[in-house]
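Subject: Structure for you to look at

Hello,

Here is the structure I said I would pass on. My notes on it follow below.

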Amino acid sequence: MQGSQRTGGPTLGNLPLELDAFVGRSAELAGLGRALGAGRLVTVTGMGGIGKSRLAAHAAARTGARDGVWRVELASVHDPDLVEYALVEALGLTDHTARPPRQVLLDHLAGLQLLLVLDGFEHLVDACAALVGELLRGVPGLRVLAVGRRPLDVEGERLFPLAPLSEPEAVELFAQRAAAGVPGFALDKGNRADVLELCRRLDGIPLAVELAAGRLRVLSPAQLLARLGDRFRLLAGAGRDMLPRHRTLRTAIGWSHELCTPQERLLWSRLTVFVGPFDLESAEYVCSGDGLQADEILDVLGALLAQSVLSREETAAGVRYRMLDTVRAYGFGWLEATGDAARLRRRHRDWYVGLATWCELDWFSPRQGEVAVRVEAELPNLRAAMEYCLTEPGEGHLGQYLAGGLWFYWVGCGRLAEGRHWLERSVELHADDVEDTEDGTHGQPRLKALWVLGYVAILQGDRVPALAALHECREEADRTGNAIAAAYAEHRTGCLALVTDDMPRAESLLRSALDRYHEIGELNSNVLMGQVELAMAVAFRGDMPGAVKLCEDVRRVCEDHGERWALAYALYVLAYEAWSAGDPVRARGLLEQCLGSAHAFRDLLGTVLSIELLALVTQVQGDSAEAALLQGAAARMWPSVGLPLFGSAYYNAPHELCEANARERLGDERYEQCVREGALLGRDAAVARALRRAGAQPLGALPAPRGPYPGRAPDTREPAASPTRKGGETAG
């Protein structure tokens with residue numbers, strides 16, 4: 001629980017900056033630093049609330065790892081299968097391939113020298129031990145600092161058990177935290193003895209000390225000490241066979257619980273249904289009722305904040321609240337004892353089903369960016385809701401609804417691998433796990449999950465499973481008369497034809513799907529992407545004016561609705577047309593808009609396609625060296641998307657043209673050198689370079705060749721737009 005302020009240390013990574021001072025622990029810091037220098041795997045062990053995480057973060061920030069310190073928080077991950085996804089997420093990776101996430105991690109970490117802080121692994125020890133062992137064997141430059149209540153038991157592991165604070169350190173921590181909450185508080189002759197006794201009886205456990213200091217807003221140290229005595233006696237009956245440290249921590253948490261009002265205790269227990277951070281609105285809905293009204297929750301939540309049961313944090317998604325894992329575990333025991341846990345889980349499910357529905361609807365609006373940020377922040381709770389639905393009898397249709405309804409996040413925000421995980425689980429549910437209705441409405445979520453699964457598999461380059469899912473969706477949609485599902489299945493089958501170079505079939509299917517959408521009144525990002533895909537197909541067949549007309553219409557609709565994601569792909573088509581027409585300046589402007597939008601959404605496919613075409617435009621404008629560098633940067637990204645340029649002759653033509661022209665101007669040796677330089681750029685640096693932002697200087701322009709417009713393809717078998725980053729249905 002001690003605070004640490006990251007001063008100096010690595011500039012790379014994701015260690016949070018702490019807002020309060022780090023107290024004591026100088027000997028532990030020195031010892032942990034030596035352990036990290038001597039071994040590649042160090043595990044800080046100790047009871048909950050002992051200060052493991054803060055000590056580890058403070059020590060890690062001082063290591064100076066070349067490629068940064070990266071912290072992975074596992075407290076909100078409950079499925080061992082998701083541990084690897086949590087690491088991928090913490091490292092900021094985006095991967096659209098069908099590769100296992102463990103391979104993604106091994107490929108990314110190869111050649112790096114970084115420190116990975118694995119925090120809160122104890123409930124996932126087997127999965128974490130296997131993963132850490134493989135990563136350490138496969139990545140020589142990796143070091144791991146694990147933080148948990150038990151060892152990983154991996155070969156070469158060095159244990160660093162953490163003891164409570166010494167008495168003087170505990171008193172200093174209490175005084176600092178008390179002064180922060182009660183301006184003017186200071187140790188003096190009148191309270192020093194009481195504070196010293198408080199810290200002694202709390203055994204120097206940082207969590208207990210900080211909770212005690214938080215109560216000074218209401219009670220004096222003497223009053224705290226008097227109440228603490230009652231709480232210790234009450235909890236002493238928990239059983240002498242319990243480990244002393246567990247009894248001590250339970251004393252600290254139980255004592256804080258005893259000091260709460262009945263409403264505060266009720267809210268504390270109900271808030272434990274959340275996994276990870278939550279906001280006020282979700283707490284008001286999920287936790288209200290049966291003794292606690294929605295309009296009372298704000299004040300009660302504020303009281304829990306004041307006594308350090310909750311913490312408040314500012315995020316891109318707004319103010320959110322977090323409950324420590326040990327505090328949550330204690331409160332959940334009370335929730336189960338009340339017999340109200342099942343009802344709270346259902347309310348939690350209902351809230352996140354509603355949130356996912358709202359986000360899907362709002363994706364086709366000016367609030368797209370807000371939606372992306374919100375879903376990112378709510379992902380731990382959305383996972384918990386899906387897990388509940390997919391494991392609770394009769395709830396499977398809602399799990400399918402959630403997995404399919406989040407299509408825009410899986411495909412538009414770089415989460416294809418995790419999306420496929422949930423989609424496959426949902427469509428594999430046995431019929432007995434999906435409660436049916438006479439009108440068959442519960443079959444609709446499964447159809448949606450099927451076409452979204454097909455869509456995700458297409459983007460990953462996994463064509464056989466994609467075709468199987470789409471075929472099943474189409475057959476069942478025709479059998480049940482579901483016009484919406486039939487349209488989406490046909491649309492996605494057209495996408496599959498597009499990326500496999502069957503342009504006549506792609507055009508036919510996409511035109512038919514768009515006609516179906518028009519007939520049923522469907523209009524959203526997914527429909528607009530169908531129009532962009534049709535533009536690609538007709539462009540590949542030689543009708544560039546027809547493609548431009550289609551995308552100008554998409555552009556108009558996007559601007560009317562404030563849609564930015566599908567708009568980016570329409571701009572890509574228009575940029576290709578501008579290049580083809582001999583206007584590289586206009587092409588660059590359009591591509592820069594496309595790239596900026598795709599990168600903001602973490603849309604890796606849109607990003608890499610934009611960079612590929614920007615490389616060609618750059619070469620046409622006379623800087624072959626910079627063009628080669630951009631091709632190298634794109635080459636580094638493609639393995640995280642799938643088969644480079646889909647293995648398509650259409651999509652590959654501009655790349656080959658750019659490479660041929662650049663090699664001719666630079667020579668093979670210089671061209672390869674520039675490509676290697678580009679391959680060293682991370683995604684953010686590559687985007688900045690492509691957009692010519694501050695600090696990203698081109699390698700040096702060469703005079704543009706004279707004569708006819710250079711680099712124009714001899715035929716129409718060239719990419720005209722992004723292939724498959726599309727939207728999805730708004731409802732159904």
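Which residue with a positive phi follows α32? It is Arg692, with phi near 55°. Please keep in mind that this is a predicted model.

Most residues other than glycine have a negative phi. Asp153 has a phi near 60° and sits in the loop that links β4 (142-148) to β5 (157-161). Its relative accessible area is 64%, so Asp153 counts as exposed, the cut-off being over 50%. For Asp501, phi is about 70°, and the residue is found in the loop between α22 (483-499) and α23 (503-520). Asp501 is partly exposed, with a relative accessible area of 24%.

The other item is a helix pair. Helix α24 (residues 525-540) and helix α26 (residues 565-580) have axes that come within 9 Å and cross at roughly 10°. Angles under 35 degrees count as roughly parallel, and therefore α24 and α26 are described as roughly parallel to each other. On the α24 side, the contact is made by Ser525, Leu528, Met529 and Val532. On the α26 side, the residues are Trp565, Ala566, Tyr569, Ala570 and Val573. By type, the residues of this contact are eight nonpolar and one polar, with no charged residue.

Regards

How values were computed
Residues numbered from 1 in each chain as written. Predicted model: local features only at pLDDT ≥ 70, side-chain atom pairs only at ≥ 80, totals over all residues. Heavy atoms only, no water. Helix = DSSP H or I, 4+ residues; strand = E, 2+ residues; numbered from the N terminus. Buried < 20%, exposed > 50% of the residue type's maximum accessible area, 1.4 Å probe, protein only. Axes fitted to C-alpha atoms, helices over the stretch in contact; angles between N-to-C directions. Parallel < 35°, antiparallel > 145°, perpendicular 65-115°, else oblique. Contact = heavy atoms within 4.5 Å. Nonpolar A, V, L, I, M, F, W, Y, C, P; charged D, E, K, R; others polar.
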